[in-house]
Amino acid sequence: MGKWGWWVLGCSQVLVAAQAGEVVKHPLGQYDSEQFITLSMPCAHCQSLPQAQWYFKNETVAVPAAGQSLTSFSLDKRGADDVASLDLYALPDVVWTGSTHHWTHTRLSGDGKRLQLADGKEMPFGIVPKIPTNLSYWNQDTQTFYAQRALSIRGEQVGQAIVARTLWPEDFRLNLQAQAQPLQRGESLKQLVQYEQGGAHSQHESRLLWQKAPGVAQSLVGRAVLGVLLNGAQGDDDEAHGGHFALTTGIISADGSYHHWLVNNYYNLATNSEKGIIAGVTPFDKYMADLNSGQAFYRPSYMLVAVFSQPTVPATIQAASNRTYQHFYRNDFVYDHALNNCAGISVDVLHNLGWKVPESGGESLLKASAAYWYMAATERSLTKGRAIYDYLNTEMTRLFPAVAFDAIGNDLLNIAHTGSTQTLASPEMQVMASQIEAIYFVRIPQIPSSRVAGLAPVYSFEQYLKQAPADRSQWKIIPVTPNPLPKNLKDGLALKPQMPMLITLPAILFLMSILGVFYLLIRVSWNAIKWPRKNINK
């Protein structure tokens with residue numbers, strides 16, 4: 001039976017196993033594996049929101065097991081505003097694992113047809129089919145790359161075969177034996193990100209930027225972490241030069257692996273991703289190395305990892321993210337590429353918890369107002385005018401993933417070096433200053449695939465325009481289809497959507513000032529013509 005046959009057979013077998021529920025055998029972030037079961041959505045007997053079940057229909061997920069505490073939410077709050085009285089022990093509604101099984105320490109044969117398990121047993125090997133709209137997929141380079149290293153694999157066992165959906169290289173891990181190598185004079189996080197045009201073809205790097213005391217990094221096993229994750233620009237999608245952003249939490253393993261950490265991926269739920277991405281709490285390896293939706297197959301990535309002596313800060317941030325997702329799935333608030341994107345929602349979570357990440361300001365209110373009327377006139381659309389206005393006026397740590405990464409990363413380093421609590425406005429966040437044990441910078445190169453190499457993400461709208469073709473008709477844009485939540489699943493604040501004014505007050509004032517100046521110029525010109533005529537008539 002061919003590998004596609006294994007997959008078709010596997011789907012039916014997964015469904016049977018999932019109905020009964022299967023215990024997850026590996027940790028998920030800071031949570032114990034026994035707290036979850038895997039199943040296929042929708043699920044009649046689990047606690048998950050109906051809206052979440054709709055978004056994850058026909059997907060394999062991990063959900064809280066019977067008797068476990070589930071994240072709650074307030075009906076009168078929206079999104080990241082709902083952070084009061086967090087239960088740090090409550091579990092996320094859904095964790096998108098995408099697979100029933102998880103194997104570690106495996107080896108792929110050179111021809112890609114067999115997989116050797118940790119106990120030495122060999123099994124036939126196959127991979128899931130390519131989503132037709134996905135531009136990035138497994139090729140000979142991918143196979144060669146994977147055959148050279150130990151792998152962590154998520155997938156299904158179909159008869160005697162293993163069908164992989166996610167393959168993570170196990171040599172991509174933290175170096176817990178590394179000596180500290182702090183940023184040197186004139187060196188910055190931005191330079192690390194932009195190294196070799198973003199480092200798509202660079203080696204994986206784990207660099208210890210700071211440790212509380214000499215030798216601390218060698219005793220971090222079991223410590224909780226907060227990861228600030230930045231994905232680079234896609235090399236062949238001119239709408240994606242800004243990159244992507246997420247916060248991740250987990251526990252330091254003895255071998256330094258981080259594939260089991262949880263990523264809080266905010267993504268547009270209102271469209272069907274061409275790669276099959278669904279916004280949600282997702283294991284790190286699934287987020288990065290799913291054969292269709294994995295970020296590492298089409299761009300390089302970067303992560304700053306803060307290790308804490310106590311689990312409270314990462315647990316609080318994860319708990320707030322879990323609750324934010326409850327509102328997100330209910331459509332209490334919606335994804336917006338300028339006002340509520342991956343960086344903006346994540347930064348809002350931190351701000352509302354009391355971590356006031358330093359802001360960079362907007363591009364320019366004057367420029368935004370001028371661009372509003374230019375776009376409205378040339379495109380004959382007030383909606384497009386409002387969109388460009390929002391891009392140019394939104395605070396840049398909320399707009400650009402790279403700016404958010406820079407701001408949070410530099411603030412973490414400052415807190416670690418100085419013990420300052422200036423940006424920490426709540427008791428829950430102020431303990432960060434005394435609890436940070438170490439900070440790592442991690443570079444994750446692009447996994448070889450059929451996709452062109454990605455680049456470093458841009459840090460400004462001006463840089464975005466320089467990196468994309470000047471002629472917008474030449475832009476490479478990957479189309480998506482709408483995916484609206486059914487009306488019968490909307491209630492509460494989802495029925496009262498937040499609608500920004502189509503024409504903003506600054507844009508109105510700008511237009512009035514331009515018209516006023518134009519009027520004055522006409523009056524002055526008219527008077528200049530009129531005055532000589534009066535003298536002539538005399």
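I began with Cys43. Its relative accessibility is 8%, so Cys43 counts as buried. I was working on a predicted model. Next I looked up Cys342, which is buried too, with a relative accessible area of 4%. Then I searched the whole structure for disulfides and found zero.

I turned to Ser206. Ser206 sits in strand β9, residues 205–211. Its relative accessibility is 16%; buried means under 20%, so Ser206 counts as buried. I listed what Ser206 touches, leaving aside neighbours within four places in sequence: Arg173, Leu174, Asn175, Tyr440 and Phe441. For Asn175 I noted a distance. A polar atom of the Ser206 side chain lies 2.9 Å from the backbone nitrogen of Asn175.

Salt bridges came next. I counted 17 salt bridges. I looked at a few of them.

Glu187 and Arg207 are joined by their side chains, 2.9 Å from N to O. Glu187 is in the loop between β8 (161–169) and α4 (189–194), while Arg207 is in strand β9, so the pair ties together parts 20 residues apart in sequence. Glu187 is partly exposed at 24% relative accessible area, whereas Arg207 is buried at 6%.

Arg114 and Glu122 also pair up through their side chains, at 3.2 Å from N to O. Arg114 is partly exposed, at 34%. Glu122 is partly exposed as well, at 43%.

Glu274 bridges to Lys275, with the closest N and O atoms 2.5 Å apart. I found both Glu274 and Lys275 buried.

Last, I noted a network. Salt bridges link Glu59, Arg165, Lys286 and Asp290.

Key: Residues are numbered from 1 along each chain as its sequence is written. This is a predicted model: local features need pLDDT of at least 70, side-chain atom pairs count only at pLDDT 80 or more; totals for chains, interfaces and linings use all residues. Side-chain values use heavy atoms; hydrogens and water are left out. Helices (H or I, at least four residues) and strands (E, at least two) are DSSP runs, numbered from the N terminus. Buried means under 20% relative accessible area, exposed over 50%, partly exposed in between (1.4 Å probe, protein chains only). A polar contact is a pair of N or O atoms within 3.5 Å; within protein, one must be able to donate a hydrogen and the other to accept it, and residues adjacent in sequence count only if both atoms are side-chain atoms. Contact means heavy atoms within 4.5 Å. A disulfide is a pair of cysteine sulfur atoms within 2.5 Å. A salt bridge is a side-chain nitrogen of Lys or Arg within 4 Å of a carboxyl oxygen of Asp or Glu.
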